[in-house]
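The sequence and structure come first.

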Amino acid sequence: MEHLINTQVKNIQISGIRQFFNRVAQFPDAIQLTIGQPDFPTPEHIKEAGKKAIAENKTGYTKNAGLDELCLAATNFIEFKYKLTYNPKTEVITTIGASQGIDIAFRTILEEGSEVILPGPVYPAYEPIIKMCGGIPVYADTRETGFKITAKQIESLITSKTRCVMLPYPSNPTGCILTKTELAEIAQVLQDRNVFVLSDEIYSELVYGQKHYSIASFPGMKEKTIIINGLSKSHSMTGWRVGFVFAPENIAKHMLKVHQYNVSCASSISQWAAVQALTKGVDDASAMRGEYEKRRDYVYDRLVSMGIEVVKPEGAFYLFPSIAKFGLNAEEFAIRLLEEGKVACVPGSAFSGYGEGYLRLSYAYSMEILEEGCNRFERFIATL
Ligand SMILES: Cc1ncc(COP(=O)(O)O)c(C=O)c1O
């Protein structure tokens with residue numbers, strides 16, 4: 001029966017990150033610098049709120065968009081943090097992680113032949129969803145622009161078929177952010193155009209030494225922007241699966257239909273935990289942020305002292321060093337680093353062809369692990 005499987009689905013490859021994880025599992029003594037999730041436990045008060053929800057039998061379906069309390073807490077949170085104003089009754093949907101938000105956003109806006117402009121290298125989940133919707137990914141090569149998509153690039157790639165521009169900043173895998181000025185330039189290009197912006201801001205609370213800005217806060221942008229956010233990274237809640245989409249009512253009401261027929265609602269228990277996170281844990285990310293910043297500085301300095309070319313990331317918890325000078329492709333390098341150097345990093349090629357020649361290194365690990373990982377990395381490159 002496999003011949004009857006949807007062709008778009010058949011053509012999708014398993015994520016390069018997953019493929020590499022499977023290989024890493026065979027090397028239990030390797031230092032792992034692969035994982036894209038916080039190494040901190042979920043804050044205790046949030047866990048307690050989850051337990052309480054179970055004890056109080058708050059275990060039924062909720063409204064499709066999520067609990068009223070949660071929608072209010074989520075809109076208050078992004079207003080307080082990023083000066084973004086959304087109506088809690090009509091302009092926010094609670095999703096199953098940011099992942100489901102990305103899915104319902106693309107499924108709501110794309111049609112056969114719709115083009116989506118996105119930066120490369122990029123988080124690998126967007127392209128398969130775009131393709132399953134019949135859309136066409138159009139990459140902006142950001143290797144010469146510090147991994148940041150520019151207003152000029154967007155302008156040159158826009159066609160009559162462009163339906164959406166993807167802005168995934170702070171970026172996984174590069175850790176780059178867009179500054180207020182860079183966003184203003186992009187807004188200038190897009191504000192009079194009939195294209196959506198899908199802004200994946202899941203790392204918005206993990207920006208170092210400066211503020212996070214959302215494209216939706218620029219003149220003329222809110223009406224065309226869908227914001228993706230969530231608690232996975234900010235509150236160390238990856239397994240609770242709570243995300244949000246924020247969009248003007250005339251877009252959100254259509255996304256809500258896709259969401260409703262897809263999942264009905266996010267887990268009620270997780271939603272109650274999320275209410276706690278967004279009301280009593282508004283600044284829970286700040287201690288973690290301080291820790292990540294120290295780790296970023298440590299690993300960045302070590303790589304630079306080894307003569308490795310690397311852009312200093314300003315957000316998320318990844319570094320994306322170039323390994324091109326060693327004459328191996330990203331996968332060969334990552335495999336040899338794993339097998340000979342006993343360090344696991346994700347080959348940059350898992351983040352589109354534009355990541356070839358790079359390695360993604362996560363610093364969501366303790367200082368001890370990072371130190372040992374850097375020592376092993378240094379010893380390994382000395383053998384090349
Ligand atoms: C850029 C980006 N967007 C979305 C997600 C998915 O987040 P969630 O676990 O909330 O679905 C991730 C997870 O790593 C990510 O890096």
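Is T174 buried or exposed? T174 is buried, with a relative accessible area of 2%, where buried means under 20% relative accessible area, exposed over 50% and partly exposed in between (1.4 Å probe, protein chains only). The model is predicted: local features need pLDDT of at least 70 and side-chain atom pairs count only at pLDDT 80 or more, while totals for chains, interfaces and linings use all residues. Residues are numbered from 1 along each chain as its sequence is written, and side-chain values use heavy atoms, with hydrogens and water left out.

**Surroundings of T174**

- T174 sits in the loop between β5 (162–167) and α8 (180–190); helices (H or I, at least four residues) and strands (E, at least two) are DSSP runs, numbered from the N terminus.
- Apart from neighbours within four places in sequence, T174 is in contact with P121, F147, P313, Y318 and F320, contact meaning heavy atoms within 4.5 Å.
- The T174 side chain makes a polar contact with the side chain of S171 (2.9 Å) and reaches the backbone nitrogen of C176 at 3.2 Å.
- A polar contact is a pair of N or O atoms within 3.5 Å; within protein, one must be able to donate a hydrogen and the other to accept it, and residues adjacent in sequence count only if both atoms are side-chain atoms.
- From T174 to F20 the separation is 154 residues in sequence and 18 Å in space, C-alpha to C-alpha.

**Domains**

- The domain assignment gives domain 1 (2–42 + 285–382) and domain 2 (59–279); such bounds come from an automatic or database assignment.
- The C-alpha centres of the two domains are 24 Å apart.

**Interface between the domains**

- Contacts link 34 residues of domain 1 with 37 residues of domain 2.
- The domains bury about 2900 Å² between them, 62% of it on carbon and sulfur atoms; buried area is the accessible area (1.4 Å probe) that two parts lose on being put together, summed over both.
- The rule finds 1 salt bridge across the interface, that is, a side-chain nitrogen of Lys or Arg within 4 Å of a carboxyl oxygen of Asp or Glu.
- R289 forms a salt bridge with E205, with 3.9 Å between the closest N and O atoms.
- On the side of domain 1 that touches domain 2, the elements giving two or more residues are α1 (7–11), α11 (285–305) and β9 (318–319).
- The largest share of that side, 6 residues, comes from α11.
- The residues of that side divide into 21 nonpolar, 8 polar and 5 charged; Ala, Val, Leu, Ile, Met, Phe, Trp, Tyr, Cys and Pro count as nonpolar, Asp, Glu, Lys and Arg as charged, and the others, Gly among them, as polar.
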